[in-house]
Amino acid sequence: MAQPDSDNSVEGGLAWERYQPRDGRIGSVFHPAGVARGLDQAQGHWLRSDLIAWPVWDLPPGESPANLDWRLHWSADGHIDPTASEPVPWQTASARFDPAGIPPEAAAQFPHLRTHLALRLAPDVAAQAREALRCQVAVSVHMPSGRLVSAGQLQIPGVVDELYAAAVDAELGPAWYGGTPTLRLWAPTARDVGLLLWPDGADLHREPERHRMIAAPDGTWAITGDSGWLGARYRFGVVIYAPQHRRVVVNQVTDPYSISLTVNSTHSVLVDLSDPALAPEQWRTAPAPKLASPVDQVIYELHLRDFSISDSSVPAELRGSFLAPTVASAGMAHLRRLAEAGLNTVQLLPLFDNATVEEHPAQQVQPPKDRLRSLPPDSPEQQRHVREVAGRSGFNWGYDPWHYFTPEGSYSSTLATAEGGGRVAECRAMVGAFHGIGLRVVLDQVFNHTASSGQNNKSVLDRIVPGYYYRLTGTGAVETSTCCPNVATEHLMAQRLMVDACVHWARNYRVDGFRFDLMGHHSRANLLAVRAALDALTPGDDGVDGRAITMYGEGWNFGEVADNARFVQATQGQLGGTGVATFSDRLRDAVRGGSGWGGDARGQGLGTGLLTADNGSGVNGDERAQGERLAWYTDLVQLGLAGNLRGFRFGSNSRHTILRGADLDFNGRPAAYAESPDEVISYVDAHDNETLFDALTLKLHPATPMAARVRLNTVCLALATLGQSPVMWHAGTDMLRSKSLDRNSYDSGDWFNYLDFTMTDNGFASGLPPERDNAALWHVLAPLLADPRLKPAPADIRAAHDQALDLLRLRASTRLFRLGSADLVQAKLTFPVANSWHQLPGVIVMAIDDRTNPVDERWSGLLAVFNSTPWLVRQTLPLDLTGYDLHPVQADGADPVVRQSEVGRDWIAVPARTVAVFVRPR
């Protein structure tokens, strides 16, 4: 059925009769007499009820702050008369400059404010903070003569956290007890909050029932309903001061803790998660796969829509939906093969409700597929057609959070199941289906930003507690270093939302892990809080063992929080001992060449021909420069194979000495940063940037035969897969998946995100990738897309897949690839030819000696040789190789070339572009 738009009007949104103004406006613009100038900024920070921080830069030149007159202003308490024609009166109190500065405990909590001036408020003024926070607050600065020199609004998160800290223990959102729901919303600065309720089946265009909610001292507002509310639609009416508009408004807003929603998220829906009708049998009965150790994780990163939208073996009505994994299909057969070989985890791109995808099937529009197929492989027309339907096609990666607790409605199989509890049941069915074939389920979580803030109609948090949930600049604007409004999870209740959402998905959907997007924008304390909450979940009380849930994420260091500017970040090297892992860009960049952050896409790496097979582009430098960079890349890869341990000692090919991992440089930072091998996730491609196949296409000489490209695909995957850390593969990388050279396919539709589990077409040569992110390279990409030699045949795709399966089998065959501790890695793993005359460029030899304190019952030694060069290598080793032979997986495996490998007493011979593993029986 048609859905009304979400009411976001600053001018209206009806909640309570006494707040309905005659002119359609709510409140009025606030200007304390003579202080209008400067109130478009919020450069001050109210940190404690008696403490304000003010920037030094906002003082008149040469003036001592002790000589200035500081004043705090807030609008008058009591009933706002919205019909008044005069501006609201203001309260004014003096503030005292404190020459001692920001006190140590406040400076520790707000390190970016430690050099600010400190202003103190008298106890009687501080006691009025709760009321002042319900409307506009500002500081004005005056000369002794009374002349105004500066003014500005105040940022309020610090004082809100001080006054309403008790809310961290409140139960938020909808909760059911004995068939009766209680709704609780945290809105500490609201003047009033009410519930707008549409009973199940009611016309959402009609007036709702209105129920008053009761405020509590912790800033929450609550109401208890009755059993008849099951299935009801609801919103909150929040009477709040909106800083962007400097007036009081009534916002009709959905519940940030919504368990379910209507189509396109216009209303929250009251759903009882304990309802047996929402518990599919396989979800209830299929046991969650267990890991013996965190290093055992082998992860397949998958977008749910990609998984089935192009799979003709899935019923048409289920394609792209939660239910696609519940039926037999080419995709599920593919995952089952991977799982039988050693894959144990599927990591799903965001499944929570996002603000970008059109959820109503009748409103979705697809580009003309027949027309796209008829166009030349290097045409710009395909991307033009895709761009024309962007936002309406049903596709998006989903990194635009709207509601964190609700499954995304566009993944529902029907319009009916997208409404209310249907999407809950279907999402659970998906989890059960993956569990049923032996795969753990990890969810991609995006707490670092939301899609919108302020009074935008897709903003929730800022329309309930304005100015609290988002990280602000020094003048009060919302920070957007994540490319969207940055959520300030360093604030108590923003962290609380992050923790609660993870617990919700673990307890109520039984997922097995979380991947945190841009995790470096969170604090180490945030991740520890999530970890502690998950660890408290038990099978008896919660149906899950929270201690078995894995956590990892992107530990990148950038933006306004970089280098611990606001808190100790959850970045690479700062999570030791937490059990939280980070993705390693060290091995990724060294294998591929270049950097995911920029640089020429044709820059080569260890796995893409640097020095050993120059691509002729001229971007890689002369032979000497390539040799030096290859030596450094080799060091980085060796560290990656050894778990990227900061204390690991190895022979450095670039520094020509014995180094600790932390002593090798990586772009100005220590290359190795982990204390344990499980604190790193190794990978060579992901949803971001070009796929591995596309990277090889860009980096290899165009004349490189397809058979060689297939082999290098396997070599690159092996460098991640046969190391000591958990490993992640991007979905389809085992099948040479291409996105037609698109480096950022987040909104590139099904066309460029094509995933074919029949292994007939890898997606290459589907037209020039979208102009938005790729136009600067079109002159490079077009000749490659037009070259028929670069399009793999089905036999090439199947060969790549079969070789990838053997990599999984190798890893699963022995704990020697998964030693599990820094001590064991240091004791058993070496690179015997590193920094020696035996070392050959483009070759890595890794030895694992298990003769003492054995961890493997069958083999006392393992030797892995990674040959990325275009020629057979005969590598002399300072080892006695008596008794070594090719690993049985490869001796009986899919690749006939690796069977040509030989081993002598002190040498091995490995064919071109081949990874060979030798083992010595006990």
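Predicted model: local features only at pLDDT ≥ 70, side-chain atom pairs only at ≥ 80, totals over all residues.
Which element supplies the largest share of the lining of the largest cavity? Local features need pLDDT of at least 70, side-chain atom pairs count only at pLDDT 80 or more, and totals for chains, interfaces and linings use all residues. Residues are numbered from 1 along each chain as its sequence is written, and side-chain values use heavy atoms, with hydrogens and water left out.

**View 1. Lining of the largest cavity.** Helix 22 gives the largest share of this lining, 4 residues. A cavity is a set of points, on a 1 Å grid over the protein atoms alone, where a 1.4 Å probe fits but cannot get out; lining residues have an atom within 4 Å of a point. The space in the largest cavity is about 130 Å³, the volume being that filled by probe spheres set on the points. Of its 15 lining residues, T714, Q890, D895, V898 and V915 are the closest to the centre. Helix 18 (706-721), helix 22 (794-813), helix 24 (888-891) and strand 39 each supply at least two residues of the lining. Helices (H or I, at least four residues) and strands (E, at least two) are DSSP runs, numbered from the N terminus.

**View 2. Strand 39 and its partners.** Strand 39 (residues 914-921) has 7 of its 8 residues buried, that is, under 20% relative accessible area with a 1.4 Å probe and protein chains only. Strand 34 (residues 859-867) pairs with strand 39 in the antiparallel sense over 8 bridges; two strands pair if DSSP finds at least two bridges between them. W859 stands opposite P921. Strand 36 (residues 885-886) is joined to strand 39 by 2 bridges, also antiparallel, and L886 stands opposite F918.

**View 3. The largest nonpolar core around F516.** Such a core is a set of buried Ala, Val, Leu, Ile, Met, Phe, Trp, Tyr and Cys residues joined through side-chain atoms within 4.5 Å. Among the 215 residues of the largest one, W46, W70, W186, F514, F516 and F866 touch the most other members. Helix 12 (residues 492-509) contributes the most, 11 residues. Beyond its neighbours within four places in sequence, F516 has contacts (heavy atoms within 4.5 Å) that include F447, M498, C502 and Y552.

View 4. The order is 8-9-13-12, with antiparallel pairing. Strand 8 (173-177) and strand 12 (214-215) stand at the edges with a single partner strand each, so one side of each lacks a neighbour in the sheet. Strand 9 (residues 180-186) and strand 13 (residues 220-224) pair over 5 bridges, with L183 and I223 as bridge partners.

How values were computed: Buried < 20%, exposed > 50% of the residue type's maximum accessible area, 1.4 Å probe, protein only. 1 Å grid on protein atoms, 1.4 Å probe; cavity = no way out; pocket = protein on both sides within 12 Å on 5 of 7 lines; lining within 4 Å.
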